[in-house]
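Let's walk through this one together, a step at a time. Have the viewer open and follow along as we go.

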Amino acid sequence: MIKRGWATRDDLAQRWKQLHEERPWAGGVIVAKAWTDPEFKQALLDTGREALRELGVHQGKVGKLVVVENTEKTHNVIVCTLCSCYPYDILGDTPWWYKHESYRTNIVQNPRACVKDMFQLELPSDIELRVWDSTSDVRYFVLPQRPEGTEGMSEAELAKLVTVDSLIGAGYALEPSQLRARQAAHVEPEMPRVRPD
Amino acid sequence: MNDTTSKYNIGDAVMVAAENPNGNPRTPRYIRGKRGVIGLVHGVLENVRDHRGIHNPLYTVKFDLSEVSTCHDQDSIWVDVHEEWLSSVRPDS
């Protein structure tokens, strides 16, 4: 590449540095900020990607970002029934089941049964379930609810409670006791790699 | 936001074309010929990372689950659909 003049040695060094830079996983950073800063949360829900600028996470460039909020009345789940659209440019790789045909079929045919069978989520009947089917130009993720017993925790601590599944609606953010149990069992936290543009 | 390029507004009742109207093919089969309501208006989006060209305005259309599947739970499916796939219908007609 250098010989052909496509890149300089400095370009390559820069790119290598970018790809190997250790950064906390953006999913945790974004959600923890939204849990602790109402203004940021509103901006995230209103403007999507634009709100990420101040956070120092990869903003990504693929499509429009829409963040949907889980509340006491609404549980959101994300799918791409056509393929596997996902804000991978911000959150990294998807879990394997996200691309699996059984998920992509069942989640829009019988969503309650699907989240119960696949993720052991039993949604109360008074919770409205919304399934978001992306077709490439809009990429979605879920803002999970802040777990109980997390008052006074720092953003860095809160970020550890955020799982990949909780951003798709396939789970909840961890409670502190669940995180402690995982740490005691030496379960490595999920840290998908994000490849910067 | 006053979006003059988009024909439909949030809350408008729409029907998805049954056949591809010679437009963007990325509309899932299970919503073709089905009725829904405009949930989000995105306007014209550029997505040069994914495909070439600029497509018509995009909407997120809310469907009752019972409209698109045999399941009768009171839940909803929200799907991104481009404008050429949609036509107006009278609400509850």
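Start in chain B, where β2(B) and strand β3 (residues 58-64) of chain B pair in the antiparallel sense, with five bridges between them.

What you're looking at is a predicted model. It scores ipTM 0.92 and pTM 0.89. Chain B has an average pLDDT of 88, and 91% of its residues score at least 70.

Reading from the N terminus, the order is α-α-α-β-β-α-α-α-β-β-α-α. Chain A has a radius of gyration of 18 Å, close to the 16 Å that the globule rule gives for 197 residues, so it is as compact as a globular protein of that length. Along the principal axes, the C-alpha atoms of chain A fill a box of roughly 65 × 40 × 35 Å. Of the 197 residues of chain A, 38% count as buried. If you take the contacts in chain A between residues at least 6 apart in sequence, 71% of them join residues at least 24 apart.

So how do the chains meet? Chain A puts 22 residues into the contact and chain B puts in 21 residues. On the side of chain A that touches chain B, α5 (101-109), α6 (111-119) and β3 (128-133) each supply at least two residues. β3(A) gives the most, with six residues. By type, the residues on that side of chain A split into eight nonpolar, seven polar and seven charged.

Zoom in on β3(A), and you'll find four bridges joining it to strand β4 (residues 76-82) of chain B, with the two strands running parallel. One residue pair to pick out is V131(A), whose bridge partner in β4(B) is I77(B). Leaving aside residues up to four places away in sequence, I77(B) touches V108(A), V131(A) and D133(A), and also F63(B), L65(B) and V68(B).

In soluble globular proteins, nonpolar side chains do tend to be buried together.

Most residues other than glycine have a negative phi. Q120(A), however, is a residue other than glycine with a positive phi, near 55 degrees. Q120(A) sits in the loop between α6 and β3 of chain A, and it counts as exposed because it has 9 C-beta neighbours inside 10 Å. H186(A) is not a glycine either, yet its phi is positive at about 55 degrees. You'll find H186(A) in the segment after α8 (176-184) of chain A. Is H186(A) buried or exposed? With 6 C-beta neighbours inside 10 Å, H186(A) counts as exposed.

Key. Residues are numbered from 1 along each chain as its sequence is written. Chains are lettered from A and ligands numbered from 1 in the order in which they are written. This is a predicted model: local features need pLDDT of at least 70, side-chain atom pairs count only at pLDDT 80 or more; totals for chains, interfaces and linings use all residues. Two residues are in contact if their C-beta atoms, placed from the backbone, lie within 7 Å. Ala, Val, Leu, Ile, Met, Phe, Trp, Tyr, Cys and Pro count as nonpolar, Asp, Glu, Lys and Arg as charged, and the others, Gly among them, as polar. Two strands pair if DSSP finds at least two bridges between them. The radius of gyration is taken over C-alpha atoms; the globule rule is 2.2 Å times the number of residues to the power 0.38. A residue is buried if 20 or more other C-beta atoms lie within 10 Å of its own, exposed if 12 or fewer, and partly exposed in between; C-beta atoms are placed from the backbone. pLDDT is the predictor's confidence in each residue, from 0 to 100.
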